[in-house]
Amino acid sequence: MASPAVQIASQRRSADTSSTPLRMDRVATATTIALPDGRRLSVECWPGDGTPLVLLHGLLDCAAGWKHLAEVMDRPCYAIDLPGFGGSDRPTRNRISAYTEDVQAALAALEAHDFTLVGHSLGGAVAAGLAERLRDDVAALVLIAPVGFGRVRLAEAIQLPVVRTLVRHGLPLALRNPVTAFGVYMAVVGNGHLPDPELVARLRQNAHRWAAGAECANEAVTASGLSPRAFYRRQLDYAGPVLALWGDRDRLVPLAHRDGVMTAFPQAQVSVWKKMGHHAQRERPSELAQFIEAACRRDHASARDAASGSTPRRQLVAVAALTPRPPTAGTTGELPAVA
């Protein structure tokens, strides 16, 4: 039973807009978490069997961005609106640690334990911080083009006084304009792929409110790359399985940041997918589902290794050029290689 701080806000069936067959029993429940200081975080919950997934989205997105992935998974899924996005209130300060603290409180209210933690971009930095804080509860960690493992020059440029003023006033207008929103996404985020129409609709609907959340998040991203305690400058206190994923055409988070991931997590396995940009959920949803399933299976393999006293291997996967293979039930399996 979840904590009284959890309030059920609504229940709905997600629309079937994907070409992938959906499980018709996958009903998403929108839940509101009351944080100790009175602020609120929103969570989308899908029922299922097995190790739960905790899904953390990137900047200018929300929990609904994980909908298509959650609908094709069999596992329970908790997709959290990060502070300042979706239905969640802004963080107490513009630092990754503040986002981490709020998500940690939400997971405690949900009584979530022994989960696979998945973070994309901004959510990747939050996930890394959570893995260190909740290492006994994080069965495996999946990082998709995560920030926090190096300097993000675009984020730093936006922090310049003149640019920041322009962005502050211009971003809400740009988000509300579908032509601008589509163009920026295709050029910078989606590697030429059209954005999900639902994402554009969310951006237009929440333009003014999310713009303020984006400003907070951009400052947090900038600070995470400059901090003396940045993740890429030290080894994090998490020994579980870590799988990281980049597209070789990512224009937002440099591929070179994979070295920072391997400094923070020596046991990490990093994969690079050819001809993919920053948004794997949109560009390669089926392959991403396989990738996450591989992480869940590696949790069991890691438990066996720990029992035998073996040590994790440091591994960097070369840029993939093979055809994706569906996971085989009951095996530890290899990561799906994607051309």
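Reader: Let's start with helix α2 (residues 96-110): how far does α2 reach from its first C-alpha to its last?

Author: For reference, the expected span of a helix is 1.5 Å times one less than its number of residues. Helix α2 has 15 residues and reaches 21 Å, close to the 21 Å expected at 1.5 Å a residue. This is a predicted model, where local features need pLDDT of at least 70 and side-chain atom pairs count only at pLDDT 80 or more, while totals for chains, interfaces and linings use all residues. Residues are numbered from 1 along each chain as its sequence is written, and side-chain values use heavy atoms, with hydrogens and water left out.

Reader: How many helices and strands are there in the chain?

Author: Helices (H or I, at least four residues) and strands (E, at least two) are DSSP runs, numbered from the N terminus. Here the chain holds eleven helices and ten strands.

Reader: Which residues of α2 are buried?

Author: Buried means under 20% relative accessible area, exposed over 50%, and partly exposed in between, with a 1.4 Å probe and protein chains only. In α2 the buried residues include I96, Y99, D102, V103, L107 and L110. Over the whole chain of 339 residues, 54% count as buried.

Reader: And why is α3 described as largely enclosed by the rest of the structure?

Author: Because ten of the twelve residues of α3 are buried. Among them are L122, V126 and L130, together with the glycines G123, G124 and G129. Helix α3 (residues 122-133) reaches 17 Å from its first C-alpha to its last, close to the 16 Å expected at 1.5 Å a residue.

Reader: Now the strands. Which sense do strand β2 (residues 27-34) and β3 pair in?

Author: Two strands pair if DSSP finds at least two bridges between them. Strands β2 and β3 pair in the antiparallel sense over six bridges, and T29 stands opposite C45 in β3. Five residues lie between the strands of this hairpin, where G38 takes a positive phi near 95 degrees.

Reader: How many bridges join β3 to strand β5 (residues 77-80)?

Author: Four bridges, and those two strands run antiparallel.

Reader: Is D61 buried or exposed?

Author: D61 counts as buried, at 7% relative accessibility. Its place is in the loop between β4 (53-56) and α1 (67-72).

Reader: Which residues does D61 touch, not counting residues up to four places away in sequence?

Author: Contact means heavy atoms within 4.5 Å. D61 touches F85, L199, R202, W210 and H279. For the chain as a whole, among contacts between residues at least 6 apart in sequence, 73% join residues at least 24 apart.
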